[in-house]
Amino acid sequence: MLRFIAKRLGLLVITLVGLSLLLFMWVRALPGGPATAMLGEKATPEAVEAINKAYGFDRPVWEQYFTYISKVMVGDFGNSTQSQRPVLQQFADQFPATAELALFAILFAVLIGIPLGYWAARHYGKWQDNTSVILSLLGVVIPVFFLAFILKWIFAVELGWLPTDGRQDIRLDATHYTNFYVFDGLITGEFDAAWDAFKHLILPGIALGSIPLAIITRITRAAVLEVQGADYVRTAKAKGMTNKILRKRFILRNAMLPVATTVGLQLGLLFAGAVLTETVFAFQGIGYGIAQAISNADYPVLQAYIIFIALIYAVINLVVDLLYGVIDPRVRVK
């Protein structure tokens, strides 16, 4: 187990170093250089020279990269060119929003996707099965941003049931200790603030969870169908075991192994896939921060956020692999 963890952590370090190098070279390869891209229409020769001197763009590229890496190793990712705040602090402020949204989206996908997939497998070949397959296909093929706009138009604009954007009504004088707005409202007893924050999660959470929902439904359906045809299930049936015990002890429990892996991987992908959803709903998480960094040519933020997302995904992937090795008796992580 320790050898496996050490190996995966080593690969993680190599991946992050390679990613940082690619991002670093990409920024330096921009037309006119990073200083011109950052200044835009204000890119006078004097201003470009000042930016190059301030950020060290006038030094050799290899020297710039090693300076950047040495600062990153001590947690210094630079300052945002727009807000002038440390990038790490800005990320810490925005990460809870994306984490809250991703958790809502994955819970939405799991609570609907697993029962729907199991229901489809139990009625294999019938209209229930065909309906679930069609719905899961629609969940994959409909673009997330298009679904977000549709949900926003119907439930926020036309019906007025849910808020249109943001994380919480700005008129609420809510207390924020952790920046997890729902959690903050619960621990402080400000239940109106918690409920308002939860309502702001519903539409973006559904939009973001649509693809994981479709994938989890398909994986659950396939896993249940596979387990139903296994030899030990047929043997249990031949011994007269009741369907209730058979489904609970043999079918559902064994079918959940690939589903658990899929859920973990989808949770990691949600952090990277929240850019469009957060932009549509002005939900100020790390996806929204990346979109703003691209628009404003805020390359210190963009570089750091992409590295952070890759790190989060890799850590979640590692945890999923370890849990799979613990849960499944057929797997032994070495």
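Among contacts in the protein chain between residues at least 6 apart in sequence, 70% join residues at least 24 apart. Contact here means heavy atoms within 4.5 Å.

This is a predicted model: local features need pLDDT of at least 70, side-chain atom pairs count only at pLDDT 80 or more, and totals for chains, interfaces and linings use all residues. Residues are numbered from 1 along each chain as its sequence is written, and side-chain values use heavy atoms, with hydrogens and water left out.

**Overall make-up**

The protein chain holds 14 helices and 0 strands. Helices (H or I, at least four residues) and strands (E, at least two) are DSSP runs, numbered from the N terminus. Of the 334 residues, 43% count as buried. Buried means under 20% relative accessible area, exposed over 50%, and partly exposed in between (1.4 Å probe, protein chains only).

**Helix α6**

Helix α6 covers residues 127-141, 15 residues in total. Its first and last C-alpha are 21 Å apart, close to the 21 Å expected at 1.5 Å a residue. That expected span is 1.5 Å times one less than the number of residues.

| Side of α6 | Residues |
|---|---|
| Buried | Gln 128, Asp 129, Ser 132, Val 133, Ser 136, Gly 139 |
| Exposed, on the other side | Trp 127, Ile 134, Val 141 |

An α-helix has 3.6 residues a turn, so residues three or four places apart point the same way. The cover over the buried residues of α6 includes α5 (87-122) and α9 (191-228).

**Helix α7 against α9**

Two packed helices are described by the angle between their axes and the distance between the axes. The axes of α7 (residues 144-158) and α9 come within 9 Å and cross at roughly 145°. Axes are lines fitted to C-alpha atoms, for helices over the stretch in contact, and angles run from 0 to 180 degrees between N-to-C directions.

From α7, the residues that meet α9 include Val 144, Leu 147, Leu 151 and Phe 155. Their partners in α9 include Leu 203, Ile 206 and Ile 211. By class, the contact of α7 with α9 has 10 nonpolar, 1 polar and 1 charged residues. Ala, Val, Leu, Ile, Met, Phe, Trp, Tyr, Cys and Pro count as nonpolar, Asp, Glu, Lys and Arg as charged, and the others, Gly among them, as polar.

**Gln 90**

Gln 90 lies in helix α5. Gln 90 is buried, with a relative accessible area of 11%. Leaving aside neighbours within four places in sequence, Gln 90 is in contact with Ser 80, Ser 83, Arg 85, Val 301 and Tyr 305.
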